[in-house]
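This report goes through one protein model step by step. Please keep the sequence and the 3D view at hand while reading.

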Amino acid sequence: MFSQLGLSPTTCAPLARLGYTTPTPIQIKAIPVVLTGADLLARAQTGTGKTAAFGLPMIQRLTTQGAAGRVKPRALVLVPTRELALQVSQTLSGYAGSSRLRVVAIYGGVGMGGQIQALRRGTDIVVATPGRLIDHMQRKTVDLSGIEVLTLDEADRMLDMGFQPALKRILPVLPRQRQTLLFSATLEDGVVGLSAEFTRNPARVDVSTGQVVAANVTHQVHHVSTERKRDLLSHILTEHTEQALVFCKTKRGANRVGDDLEQRGVSAGVIHGNKSQSARNRALSDFKTGRVRVLVATDIAARGLDIARLPLVVNFDLPLVAEDYVHRVGRTGRAGLDGRAVSLVSGADAGLLREIERIVKTPLERLNAPVADTAGAPREAAQYARPRQRPRTARAVSAGARPGSGWTRSPSRRSNPRRPPVAR
Ligand code: AMP
């Protein structure tokens with residue numbers, strides 16, 4: 001089936017090992033376009049196989065044209081977070097299979113030495129966060145003059161105000177003659193307009209069915225006072241015995257929630273921008289391998305991270321920006337599996353909640369808090385103990401989503417002063 005999209009047997013070979021039998025809707029639509037060499041703006045819900053949608057045709061191009069392992073990289077993938085740089089580079093290495101293509105991840109928070117050596121040895125694909133890539137450009141330890149394919153993963157974030165200065169420094173040093181691909185779950189009109197400055201007649205692919213979140217995710221809301229949130233979280237984690245990713249608004253808040261969970265006997269890791277990169281990598285890897293049950297995170301973990309079969313996301317606090325809700329809950333319900341997102345909200349969140357409902361185009365199910373909102377013993381709420389079962393609708397991945405009719409408009413975040421600063 002992948003071969004029907006124009007991919008060669010060599011490109012398809014690693015997919016069987018990864019258990020990919022059928023291409024996802026975004027792969028079906030995007031791969032043939034990318035193989036033509038055209039520029040592309042692609043929109044698909046989170047967790048629906050975007051990395052392979054740009055990665056496989058890019059790898060085929062690099063293996064069939066020119067020699068592998070050249071000193072100058074030929075493909076550049078820009079991503080917004082360090083964790084994503086590592087994840088995407090590992091995923092692409094897996095897709096590259098036994099080809100001799102080399103993939104190097106370039107991201108901040110770790111020493112430059114290892115990255116400089118890897119770049120010197122020769123690489124075909126660089127997966128980078130913009131800040132660290134600029135550090136290498138300034139030291140002249142990376143030469144981007146041979147880039148044939150540029151991909152912006154999480155393109156809306158890459159084009160928002162925080163990253164624009166960095167992109168303005170990177171784009172001019174890339175060859176004009178290149179293929180440019182933009183992939184994202186949300187692509188607002190403003191972003192599409194901005195991309196016109198550095199793409200050429202891009203094709204558009206949209207398999208989001210007008211929905212920005214996958215249909216297989218259940219959204220629930222608990223109204224609860226701030227003081228009772230930790231008790232409620234603990235209750236949710238008692239009732240739900242699998243892994244959970246818990247989002248907090250601030251780094252200090254994440255630390256507090258992580259400590260509280262540990263005190264209650266729930267193994268928890270914490271990940272945020274004040275932790276060293278090695279601590280961040282360790283916390284994420286402990287969570288991915290199941291060594292810890294709960295990962296408490298700020299929004300640095302909201303984008304793109306692929307945690308296999310994660311069943312539950314808890315918004316301990318709502319995100320600062322309503323659209324980040326989409327990315328947070330996109331960590332669950334991936335690859336066609338069911339997922340659940342529970343948000344703990346207080347009265348002050350009412351406006352933000354309405355904005356989130358407008359963006360996700362789905363009413364968020366209101367639940368009674370199972371924990372007394374005044375001091376006292378937890379009490380079960382039947383409504384919570386038996387969460388409503390969603391009818392099993394067509395899965396975005398396995399059953400195939402219908403292509404959407406167009407690009408939905410969502411409020412601009414580029415000018416949002418509340419967005420946290422960009423990490424290098
Ligand atoms: P991505 O959106 O690229 O992060 O992919 C989300 C998840 O879907 C990852 O765990 C991939 O390994 C998985 N995946 C991607 N494409 C396929 C496919 N065709 N069949 C099964 N799983 C896939």
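A residue is buried if 20 or more other C-beta atoms lie within 10 Å of its own, exposed if 12 or fewer, and partly exposed in between, with C-beta atoms placed from the backbone. F2 has 21 C-beta neighbours inside 10 Å, so F2 counts as buried. The model is a predicted one: local features need pLDDT of at least 70, side-chain atom pairs count only at pLDDT 80 or more, and totals for chains, interfaces and linings use all residues. Residues are numbered from 1 along each chain as its sequence is written.

**Overall make-up**

The chain has 424 residues, and 48% of them are buried. It contains 16 helices and 14 strands; helices (H or I, at least four residues) and strands (E, at least two) are DSSP runs, numbered from the N terminus. Two residues are in contact if their C-beta atoms, placed from the backbone, lie within 7 Å. Among contacts between residues at least 6 apart in sequence, 78% join residues at least 24 apart.

How confident is the predictor? pLDDT is the predictor's confidence in each residue, from 0 to 100. The chain has a mean pLDDT of 85, and 85% of its residues reach 70 or more. Over residues 372-417 the pLDDT is below 50, and this stretch has 81 contacts in the model beyond near neighbours in sequence. Where pLDDT is low, the predicted coordinates should not be read in detail.

**The start of the chain**

F2 is placed in the segment before α1 (9-17). Leaving aside neighbours within four places in sequence, F2 is in contact with L7, C12, L15 and P23. L35 belongs to helix α2 (residues 25-35). Beyond four places in sequence, L35 is in contact with G6, P57 and Q60.

**The nonpolar core**

A nonpolar core is a set of buried Ala, Val, Leu, Ile, Met, Phe, Trp, Tyr and Cys residues joined through C-beta atoms within 7 Å. The largest one has 111 residues, and those with the most contacts inside it are A30, A42, A85, V127, V246 and V296. This core draws at least three residues from each of domain 1 (2-206) and domain 2 (217-384), where the domain bounds come from an automatic or database domain assignment. What does V246 touch, not counting residues up to four places away in sequence? The partners of V246 are L233, V257, V294, V296, V314 and F316.

I106 sits in strand β3 (residues 103-106). Is I106 buried or exposed? I106 is buried, because 29 other C-beta atoms lie within 10 Å. Apart from residues up to four places away in sequence, I106 touches A85, Q115, V126, A128, R132, L133 and H136.

| Pair | Separation in sequence | C-alpha to C-alpha distance |
|---|---|---|
| F2 and L56 | 54 residues | 10.0 Å |
| L35 and L7 | 28 residues | 8.3 Å |
| I106 and A128 | 22 residues | 4.5 Å |

**Around the ligand**

A residue is near a molecule if its C-beta atom, placed from the backbone, lies within 6 Å of it. The ligand is surrounded by 14 residues, of which the closest are Y20, G49, T51, D306 and A335. Helix α3 (residues 50-64) supplies the largest share of this shell, three residues. Domain 1 (2-206) and domain 2 (217-384) each give at least three residues to the shell.

By class, the shell has four nonpolar, seven polar and three charged residues. Here Ala, Val, Leu, Ile, Met, Phe, Trp, Tyr, Cys and Pro count as nonpolar, Asp, Glu, Lys and Arg as charged, and the others, Gly among them, as polar.

**Two residues with positive phi**

Most residues other than glycine have a negative phi. N201 is not a glycine, yet its phi is positive, about 35 degrees. N201 lies in the loop between α9 (189-195) and β7 (203-206), and N201 counts as exposed because it has 7 C-beta neighbours inside 10 Å.

R309, also not a glycine, has a positive phi of about 55 degrees. R309 is found in the loop between β11 (294-297) and β12 (312-315). With 13 other C-beta atoms within 10 Å, R309 is partly exposed.
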